[in-house]
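Have a look at it with me before reading on.

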Amino acid sequence: MAESPASMPLPLYLRVAAALRDDLTHRRIAPGTRLPSERSLVERFRVNRQTVRSALHLLREEGLVVTEKRGTFAALAAARGAAGKVLAPAADFPCGPATAYPEASTGVCWEPAPVEPARRLGLVAGEHSLVHRYRVTGARGAVLQEAVTRFSRHALVEVPELARLRRPADRSADPDLRPLYRWMHRAGLRLTRRESVGVAGGPAAAGRTPAYLSVQREVRDQHGHLLELTDLRFAPEHTGLTYEFTG
C-alpha cells in the first residue's frame with residue numbers, strides 16, 4: 001500500500017533549511033558570519049550537494065543569507081528586516097489584522113472531514129484532517145466572527161509547524177496559528193488566495209438563522225496544490241474586513 005502524503009517525511013532540503021534557519025534565527029550563526037562550506041554541510045546533514053544548494057537557495061529567498069564570491073554569509077539584521085517587508089505575507093491567519101482578536105477562542109483538532117470539504121481536499125469522506133476553529137463572541141454570547149479551516153495532506157507535508165500538530169500532545173497546547181502564512185512562506189510556498197463572498201441566513205425570526213456575511217477561502221501553492229479551505233462568517237454589525245496579503 002502506498003504511503004499517504006501526510007505520513008511521508010519532509011523533503012530533505014526543507015529539513016536542512018529548517019535546521020540552518022534555526023541556527024540563524026537563534027544567532028548560533030551570527031549576522032555577517034560565513035556559513036560552513038557546502039562540503040561541511042553535506043557531511044553534517046549526510047545529504048548530497050544539490051540538497052544543500054536547494055536549502056541555501058530557499059534561505060536566500062527569505063533574506064536570511066547572502067551569497068558572494070567568498071561564500072555564503074548570514075544576512076545582517078537590517079537586510080533581514082528589509083527582505084521581510086517584501087516577502088512575508090502581512091495578514092494574520094485566519095481573519096487578517098483588522099479582525100484578529102487576541103481574546104478569540106481557538107482550538108485545533110484532528111477530525112473526520114465532511115463529504116464536500118473532503119472532496120475538495122482530495123480526501124475520502126470521513127478521513128481525518130487537521131482542523132482549526134476560531135470564534136469571537138459579543139454580548140449575550142452572539143457570534144460576531146467564526147472561522148473553520150481544514151488543511152490538506154500537502155500542507156502537513158510541506159509546513160513543519162503544521163506537521164507537528166498531527167501529534168495530540170502538540171494540539172493540546174492550543175497553538176497560535178496566526179503566523180500560518182509566514183510559516184508557509186518559510187517552507188518555500190508562494191500562495192494564491194481565492195475567496196467567494198456571499199450573504200446567507202435571514203431575519204432572526206421564527207427560529208431562522210440571522211443573516212451573516214459568508215466567505216469561503218481556498219489557499220493554493222505555486223503548483224496549484226490546495227493547502228487550506230476556510231469558511232468564515234461575520235455578523236451583519238461586524239462585517240468590516242481588511243485583508244492584506246502578499247504571496
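**Strands 4 and 5.** In what sense do strand 4 and strand 5 pair, and over how many bridges? I looked it up: strand 4 (residues 128-137) and strand 5 pair in the antiparallel sense over seven bridges. Strands here are DSSP runs of E with at least two residues, helices are runs of H or I with at least four residues, and both are numbered from the N terminus. Two strands count as paired if DSSP finds at least two bridges between them.

**Ground rules.** I am working with a predicted model, where local features need a pLDDT of at least 70 and side-chain atom pairs count only at pLDDT 80 or more, while totals for chains, interfaces and linings use all residues. Residues are numbered from 1 along each chain as its sequence is written, and side-chain values use heavy atoms, with hydrogens and water left out.

**Overview.** I noted nine helices and eight strands in the protein chain. Of its 247 residues, 40% count as buried, meaning under 20% relative accessible area with a 1.4 Å probe and protein chains only (exposed is over 50%, partly exposed in between).

**Confidence.** The protein chain averages a pLDDT of 77, and 77% of the residues score at least 70; pLDDT is the predictor's confidence in each residue, from 0 to 100. Among the elements, helix 2 has the highest mean pLDDT (95) and helix 4 (residues 77-87) the lowest (40). Over residues 78-90 the pLDDT is below 50, and beyond near neighbours in sequence this stretch has 20 contacts in the model. A contact means heavy atoms within 4.5 Å.

**More on strand 5.** I checked how covered strand 5 (residues 143-151) is, and seven of its nine residues are buried.

**On to strand 7.** Strand 8 (residues 226-234) pairs with strand 7 (residues 212-220) as well, in the antiparallel sense over eight bridges. V215 stands opposite L232 in strand 8. The hairpin of strand 7 and strand 8 has five residues between the strands, and G224 takes a positive phi near 85° there.

**Helix 3.** Which residues of helix 3 are buried? I found T51, V52, A55, L56, L58 and L59. They cover an arc of only 155° around the axis, which puts them on the same side of helix 3; the arc is that of the directions from the helix axis to the C-beta atoms. The buried residues pack against helix 1 (12-25), helix 2 (38-45), strand 1 (65-68), strand 2 (71-74) and helix 9 (180-186).

I also looked at the two ends. At the start of helix 3, a side-chain oxygen of N48 reaches to within 3.2 Å of the backbone nitrogen of Q50. Just after helix 3, G63 takes a positive phi of about 80°.

The C-alpha atoms of H185 and V159 are separated by 9.0 Å, with the two residues 26 apart along the chain.

Technical notes. Polar contact = N/O pair within 3.5 Å; in protein donor to acceptor, adjacent residues only side chain to side chain.
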